[in-house]
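Let's take a walk through a protein together.

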Amino acid sequence: MVTVLKLGGSVITRKERPETVDERTLTEAADAVAAAVVGPDPATSDLVLVHGGGSFGHPHAKEHGVTTAEGTSDFRAAMDIHGAMLTLNEAVLSRLHDRNVPALPVHPLSAAARDEDGTLSYAVDTVETMLGEGFVPVLHGDGVVHAGEGVSVLSGDELVVRLAADLDADRVGLCSTVPGVLDLDGAVVPEIGAFEDVHDYLGGSDATDVTGGMAGKVRTLLETGVPAHVFGPDAIDEFLDGGSPGTRIDSR
Ligand code: IP8
């Protein structure tokens, strides 16, 4: 049973402060992952983690004018973005390792590419083999080499969709700062089957998020064809335990 869980960049970093980890939520997230995967009878067997950029990747991408479509041919700009993501990935890995989670990194800048049409290829066999050997692969939003563009941004959300499809995942979870997709009154929408259900009240991205905000997440999750849940940081354990917190997104 393959589970793909994305820890949103805004959850594990302090978005208003450049390159600052949110210690409390990252610790809680690592505790929840460890509770689910470490021990004699783990609730989650094959877990793939993905994390976003938050106040690490996004400000650098914005500063250099790099988006998912517009790349840079300046290696320094690419390394600024990638270096910030490596720092965040190290922070995530170290919290997991402290709790004996057998997490191994997969850095997309060195393991993925986009062709001229924007189609992504990535080292899915590396991820599969890691799972087969009992590891927890940890991928992240990153810079990605992009034919005709240099290096553009690869969102963790795009990775989640591809991993879900390529690994034939059973469950997808997106841990966000909010307890689910919210309607205009701030209430959690329990179920979304099509984007039209929610497009009136889903805004675009916020200022430093170069990859699409909640609207983009819902759209991409609907594409997966795999049941997905959007929930807040308090519900990671419930999700990993097989529960159905927050908003269920299912296009089937
Ligand atoms: O936060 C974006 O990943 P996301 C990563 O999952 C960069 O959209 C480099 C901005």
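This is a predicted model: local features need pLDDT of at least 70, side-chain atom pairs count only at pLDDT 80 or more; totals for chains, interfaces and linings use all residues.

Residues are numbered from 1 along each chain as its sequence is written, and side-chain values use heavy atoms, leaving out hydrogens and water.

The unreviewed UniProt entry carries a "binding site" annotation on Lys6, Leu7, Gly8, Gly9, Ser10, Gly54, Gly213 and Lys217. Such positions are given in the numbering used here, feature names are shortened, and annotations may be inferred rather than shown by experiment.

Find leucine 7 in strand β1, residues 2-7 (strands are DSSP E runs of at least two residues, helices H or I runs of at least four, numbered from the N terminus). Leucine 7 counts as buried because its relative accessibility is 3% (buried is under 20%, exposed over 50%, partly exposed in between, with a 1.4 Å probe and protein chains only). Beyond its neighbours within four places in sequence, leucine 7 contacts residues including Ile12, Val50 and Ile236 (contact means heavy atoms within 4.5 Å).

Serine 10 sits in helix α1, residues 9-12. At 28% relative accessible area, serine 10 is partly exposed.

Now look at the open sheet of 8 strands, ordered β3-β6-β2-β1-β9-β11-β12-β10 with mixed pairing (two strands pair if DSSP finds at least two bridges between them). β3 (103-105) and β10 (191-192) each have a single partner strand, so one side of each lacks a neighbour in the sheet.
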